[in-house]
Amino acid sequence: MNDVLPDQIGAWQHLEQLARRLFCAYGYEELRLPVVEHTELFKRSIGEFTDIVEKEMYTFQDVGGDSLTLRPEATAGVARAVISNGLLRGARHKLWCSGPMFRHERPQAGRYRQFHQIDVEALGFPGPDVDIELIALTARLWRELGLTRVRLMLNSLGTPAARAGYRERLVDYFRAHEDKLDEDSRRRLAGNPLRILDSKNPHMRALIDAAPLLTDYLDAESRAHFEALCAALEGLGIPYTVNPRLVRGLDYYSRTVFEWVSDALGSQDAVCSGGRYDGLIAQLGAESTPAIGFAMGMERCVALMQAAGSVPAASSPELYIVASGALAEREAARLAEQLRDVLPGRAVLTNLGGGNFKTQFRRADRSGARLALILGEEELARGVAGVKPLRREGGQSECPLPLLAERIGQLLEQEPLGAAARDELGRG
Ligand code: HAM
């Protein structure tokens, strides 16, 4: 579990702002959900025999005796929320949410026990048009984030009936080679044999490569759905690779599944994954509603932004007000409020904690501000403030206090930007 400190927050905020803008552009609405749900919800949706439910959930009993779990993912909660708030009734919803998720996994680079997802879900759309929209949205996000080392992997899991037929074939195949299975796979053979295909064990590679392919067992409708998706992606110029071994680690999927992976992420290479879950809502007891969604791992996204050097520099303040004496400090606080009125969204700092002019100027310089305003008793007596550029050589000028708020905007136009802002513009 990580602390995200101020020196990293720029990347997070950039990602969040961009994602928010894109969701708006595609017509997705935000919802905010609890981080705990009844344990049963995750068991029923993610599946009893998945790694998440078997080994990774943070489950506890609350004082009322209920079994609760810190959410390991967001889809189950979104499904629960639309059902329990009566939002379905034939309506369609395009939703997104974000926040921390919890999985007690073996820690390794890129895999955390508290991590953050941006999660997007479209409910009530049978597709494949919405499958295409979601993939186009993610492709646009990578583009706008400046990420080029991401590749799209696609597969179709078909309907549950088609998958059941395939599952039987697969179990027969692996049973015939049980001596070659590792312990994990032997365990999965009974509960979740498709997950054996996901094994990273190099000793099982050859066995898995020779296993029957799900693609050969797809039902006609799922095949048509998948072909329409692939054709549309080609039309949009979004490259993809069909990976018949892509099965996903959660049980609720049907038909389209996809993962965006990157070779810049090490062994935990998926930055964004999702797929259709046409059966989940009905399985949770509500009216049958087709659905699809994905979640991206924010830590992995931020790591990719850092690797690509596409993290915008932190913005520096515009003004730092230096003040000496009780009267001047009061005036500085008043002026700062006035300036924040006329410079919305730009940082105006006052010197907190006193200190002589030398100390205050050192702080002003370190803050990265472009201009210092100087309020001494002598300036106050004359009704002016000193104005000094901090990012270039140049002397101090004066401005009458009543004109200051009006003139400061013009002054800033003429001043060179702080280093951070300059980098930012250069990139733009
Ligand atoms: P997931 O593949 O389990 O899918 O997780 C989605 C993304 O979350 C992964 O691609 C990865 O980037 C990130 N992630 C997962 N576990 C960790 C971890 N331990 N540390 C860091 N990042 C992690 C789901 O969660 C589905 N609910 C996605 C979905 C939404 N399917 C349909 N709708």
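Modeller: Happy to. Cysteine 230 is buried, with a relative accessible area of 10%; buried means under 20% relative accessible area, exposed over 50%, and partly exposed in between (1.4 Å probe, protein chains only). A word on the source: this is a predicted model, where local features need pLDDT of at least 70, side-chain atom pairs count only at pLDDT 80 or more, and totals for chains, interfaces and linings use all residues. Residues are numbered from 1 along each chain as its sequence is written, and side-chain values use heavy atoms, with hydrogens and water left out.

Colleague: Which cysteine sulfur is closest to that of cysteine 230?

Modeller: The one in cysteine 272, at 17 Å, which is too far for a bond.

Colleague: And cysteine 24, is that buried or exposed?

Modeller: Cysteine 24 counts as exposed, at 61% relative accessibility. Its sulfur has the sulfur of cysteine 97 as the closest cysteine sulfur, again too far for a bond at 17 Å.

Colleague: How many disulfides does the structure hold, then?

Modeller: The count is 0, taking a disulfide as a pair of cysteine sulfur atoms within 2.5 Å.

Colleague: OK, new topic. How do helix H1 and helix H5 cross?

Modeller: The axes of H1 (residues 6-26) and H5 (residues 129-145) come within 10 Å and cross at roughly 145 degrees. Helices (H or I, at least four residues) and strands (E, at least two) are DSSP runs, numbered from the N terminus. Axes are lines fitted to C-alpha atoms, for helices over the stretch in contact, and angles run from 0 to 180 degrees between N-to-C directions.

Colleague: Which residues of H1 and H5 meet?

Modeller: From H1 they include His14, Leu18, Leu22 and Phe23, and from H5 they include Ala136, Leu137, Leu141 and Leu145. Contact means heavy atoms within 4.5 Å. By class, 10 nonpolar, 1 polar and 4 charged residues make up the contact of H1 with H5. Ala, Val, Leu, Ile, Met, Phe, Trp, Tyr, Cys and Pro count as nonpolar, Asp, Glu, Lys and Arg as charged, and the others, Gly among them, as polar.

Colleague: What does serine 310 touch?

Modeller: Not counting residues up to four places away in sequence, serine 310 touches His14, Leu145, Gly146, Leu147 and Met305. Serine 310 sits in the loop between helix H11 (298-308) and strand S12 (319-323), and is buried at 11% relative accessible area.

Colleague: On to strands. How many residues of strand S9 are buried?

Modeller: 8 of the 8 residues of S9 (residues 254-261) are buried, so S9 is largely enclosed by the rest of the structure. S9 pairs antiparallel with strand S7 (residues 151-156) over 6 bridges, where two strands pair if DSSP finds at least two bridges between them. Another 6 bridges join S9 to strand S10 (residues 270-276), also antiparallel. Glutamate 259 stands opposite serine 273 in S10.

Colleague: What about the sheet with S2 in it, what's the strand order?

Modeller: The order is S2-S4-S3, in an open sheet of 3 strands with antiparallel pairing. Strands S2 (36-38) and S3 (59-61) are at the edges with a single partner strand each, so one side of each has no neighbour in the sheet. On average, neighbouring strands of this sheet are turned by 35 degrees against each other, direction ignored.

Colleague: Which helix packs on that sheet?

Modeller: Helix H2 (residues 39-46), which touches S2, S3 and S4, with its direction at about 75 degrees to that of S2.
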